[in-house]
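Here are a few exercises to work through with the model open in your viewer. Try each task before you read its solution.

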Amino acid sequence: MTESHPVRRRRGRGARERILKAATQLFTAQGINATGMDQLSTVAEVSKRTLYTHFPSKDELVGAYLQSLVDSFLPIPPSPTRPTPSPREQLLAVFDWELPETAAPFRGCPFLNVSVEVPDPGHSAHQLAAEFKREFARRLTDLARQAGAPDPETLGEQLALLFDGAAARGTALNSRHTGACARSIAESLVDAALADAGPASLG
């Protein structure tokens with residue numbers, strides 16, 4: 001049987017980027033388990049052969065998808081060439097979620113979603129998600145230390161837990177506004193911690 005509407009394939013460079021873009025779109029909208037390689041090749045406008053040339057398995061594609069998201073979720077580390085806000089402002093900024101105007105359901109944190117969809121702690125995707133969450137808490141702890149918090153490990157873990165709770169609640173309620181509520185709680189936590197360190201740490 002012939003297809004009445006054959007899938008258009010795009011030639012030339014950029015296939016890997018199109019595949020990752022399609023993966024991000026589909027994994028975000030419907031999850032990784034509900035997304036098949038056939039659908040990915042269709043949306044990316046590449047052949048299955050091209051898809052498997054760049055990503056020999058779906059697991060490798062999921063790993064690349066997660067890696068592509070890391071920088072957009074982690075607090076930005078200080079750089080001598082880039083002006084940065086104060087450590088306190090950076091701690092609070094992780095709750096300033098960019099919310100695109102879309103009617104699609106709110107999907108929260110992709111790393112939490114993957115860890116739920118792939119519950120095996122030995123699976124590469126689950127391990128990547130877990131490592132991201134550990135690194136996220138480490139970055140927050142470093143910022144808390146720079147801000148002068150007397151117990152930066154506790155504050156970093158509290159803020160990481162608050163972020164994950166807000167993301168999970170937003171997903172359950174299909175609400176894009178839990179981040180704003182979490183930010184107000186984070187501000188109270190941060191200011192209380194810095195107050196314990198003395199007035200010089202505030203600001």
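**Exercise 1. The pocket**

Task: Work out which residues lie nearest the centre of the largest pocket, and how many residues line it.

Solution: Keep in mind that this is a predicted model. Start in the middle: Ser 72, Phe 73, Trp 97, Glu 98 and Gly 108 lie nearest the centre of the largest pocket, out of 41 lining residues. Next, see which elements give two or more residues to that lining: helices H1 (15-30), H4, H5 (87-93), H6 (110-117) and H8 (152-173). Now sort the lining by class, and you get 24 nonpolar, 10 polar and 7 charged residues. As for the space inside, the largest pocket holds about 1100 Å³.

**Exercise 2. H4 against H7**

Task: Decide how helices H4 and H7 are oriented to each other, parallel or perpendicular.

Solution: Take the axes of H4 (residues 58-73) and H7 (residues 124-147): they come within 9 Å and cross at roughly 10°. Angles under 35 degrees count as roughly parallel, and H4 and H7 are therefore roughly parallel to each other. Then pick out the residues that meet. On the H4 side they are Asp 59, Val 62, Gly 63, Leu 66, Gln 67, Val 70 and Phe 73, and on the H7 side Ser 124, Ala 125, Leu 128, Ala 129, Phe 132 and Phe 136. By class, this contact comes to 9 nonpolar, 3 polar and 1 charged residues.

**Exercise 3. H4 against H6**

Task: Find the angle at which H4 and H6 pack, and what kinds of residue make the contact.

Solution: The angle is about 145°, and the axes of H4 and H6 are 10 Å apart. H4 brings Tyr 65, Leu 66, Leu 69, Val 70 and Phe 73, while H6 brings Pro 110, Phe 111 and Val 114. Sort them, and the H4–H6 contact has 8 nonpolar residues, no polar and no charged ones.

**Exercise 4. An aromatic pair**

Task: Say how many aromatic pairs the whole structure has, then classify the pair of Phe 27 and Tyr 65.

Solution: The search turns up 9 aromatic pairs. For Phe 27 and Tyr 65, the ring centres are 5.0 Å apart and the planes stand at 75°, so this pair is edge-to-face.

Notes
Residues are numbered from 1 along each chain as its sequence is written. This is a predicted model: local features need pLDDT of at least 70, side-chain atom pairs count only at pLDDT 80 or more; totals for chains, interfaces and linings use all residues. Side-chain values use heavy atoms; hydrogens and water are left out. Axes are lines fitted to C-alpha atoms, for helices over the stretch in contact, and angles run from 0 to 180 degrees between N-to-C directions. Helices (H or I, at least four residues) and strands (E, at least two) are DSSP runs, numbered from the N terminus. Angles under 35 degrees count as roughly parallel, over 145 as roughly antiparallel, 65 to 115 as roughly perpendicular and the rest as oblique. Contact means heavy atoms within 4.5 Å. Ala, Val, Leu, Ile, Met, Phe, Trp, Tyr, Cys and Pro count as nonpolar, Asp, Glu, Lys and Arg as charged, and the others, Gly among them, as polar. On a 1 Å grid over the protein atoms alone, a cavity is a set of points where a 1.4 Å probe fits but cannot get out, and a pocket is an open set with protein on both sides within 12 Å along at least five of seven lines; lining residues have an atom within 4 Å of a point. Grid points are joined across faces, edges and corners, and a volume is the space filled by probe spheres set on the points. Rings of Phe, Tyr and Trp (its six-membered ring) pair if their centres lie within 6.5 Å; planes under 30 degrees apart count as stacked, over 60 as edge-to-face and the rest as tilted.
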